[in-house]
Amino acid sequence: MTNKVYHLEVEDEPVEEHWIAIHTSLEAHQIAFYINKHTSMLFKRVKKDLKNEKREGVFLLFEWEDLISDVKCQLISNKSIQEISIGKTNSSTLFELPEINEVSLLSEFKQADFFIKSTNIDTLKTIQNQLSNWYKVTMSYKISLEKIKNQLNLIFD
């Protein structure tokens, strides 16, 4: 008796992602709180932040997922600030001030403070409408993926 072997063809469609950039002086948790308060979304802080090994930066990550409609949305900080203590190497200065190193997740958008990435364009439009009504957000705009040079940095899973 021979065993039958069945081959299944699985076509994995790429998930289309949409991005907006946010310019503000607020912290990430303040933006997440505002979105949670004014929409039906519930952003939560992810236990593990994003790490960029090449540039040595740590970026905050908040996430919301709707399992019923298969919508995923992420709030990502674009800037990581690290203080590097100089120590006794530079003794010609009057004060011992640490050197500040600022790293951006996407170097093409250094001016943006945060990004929101979503798999649903309508969800992103809802968030952008709420943020445009908030006086503490200077600017928010949609980003096309063609403007991002290295898209390998955008895989967070």
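This is a predicted model: local features need pLDDT of at least 70, side-chain atom pairs count only at pLDDT 80 or more; totals for chains, interfaces and linings use all residues.
Let's start with the aromatic rings: there are three aromatic pairs here, if you let rings of Phe, Tyr and Trp (its six-membered ring) pair when their centres lie within 6.5 Å, and call planes under 30 degrees apart stacked, over 60 edge-to-face and the rest tilted. Take Trp19 and Phe115: their ring centres are 5.8 Å apart and their planes sit at 75 degrees, so this pair is edge-to-face. It ties together distant parts of the chain, since Trp19 belongs to strand β1 and Phe115 to strand β9, 96 residues apart. Phe109 and Phe115 make another edge-to-face pair, with centres 6.2 Å apart and planes at 80 degrees.

Residues are numbered from 1 along each chain as its sequence is written, and side-chain values use heavy atoms, with hydrogens and water left out.

Now zoom out. The protein chain has two helices and ten strands, taken as DSSP runs numbered from the N terminus (helices H or I, at least four residues; strands E, at least two). From the N terminus the order is β-α-β-β-β-β-β-β-β-β-α-β. Of the 157 residues, 35% are buried. Among contacts (heavy atoms within 4.5 Å) with a separation of 6 or more, 65% are between residues 24 or more positions apart.

Next, the nonpolar interior. In soluble globular proteins, nonpolar side chains tend to be buried together. A nonpolar core is a set of buried Ala, Val, Leu, Ile, Met, Phe, Trp, Tyr and Cys residues joined through side-chain atoms within 4.5 Å. The largest one has 22 residues, and Ile31, Ile35, Phe43, Leu75, Ile116, Ile127 and Leu131 touch the most other members. At least two residues each come from β1 (18-24), α1 (28-38), β5 (61-66), β6, β9 (114-118) and α2 (121-132). Helix α1 gives the most, with five residues. A second, separate core has 14 residues, including Ala21, Leu50, Leu105 and Ile143.

Cys73 lies in it and is buried, with a relative accessible area of 0%. Leaving out residues up to four places away in sequence, Cys73 touches Phe43, Phe62, Glu63, Trp64, Ile116, Lys117, Ser118, Thr123 and Ile127. Cys73 and Thr119 are 46 residues apart in sequence, yet 6.8 Å apart in space, C-alpha to C-alpha.

Ser77 is also in β6, which covers residues 71-77, and at 5% relative accessibility it counts as buried. What does the side chain of Ser77 have 2.8 Å from one of its polar atoms? That is the backbone nitrogen of Leu60. Beyond four places in sequence, Ser77 touches Phe59, Leu60, Leu105, Asp113 and Phe114.

Finally, look at Asp70, in the loop between β5 and β6. Asp70 is exposed, at 65% relative accessible area. Its phi is near 55 degrees, a positive value in a residue other than glycine.

Methods
Buried means under 20% relative accessible area, exposed over 50%, partly exposed in between (1.4 Å probe, protein chains only). A polar contact is a pair of N or O atoms within 3.5 Å; within protein, one must be able to donate a hydrogen and the other to accept it, and residues adjacent in sequence count only if both atoms are side-chain atoms.
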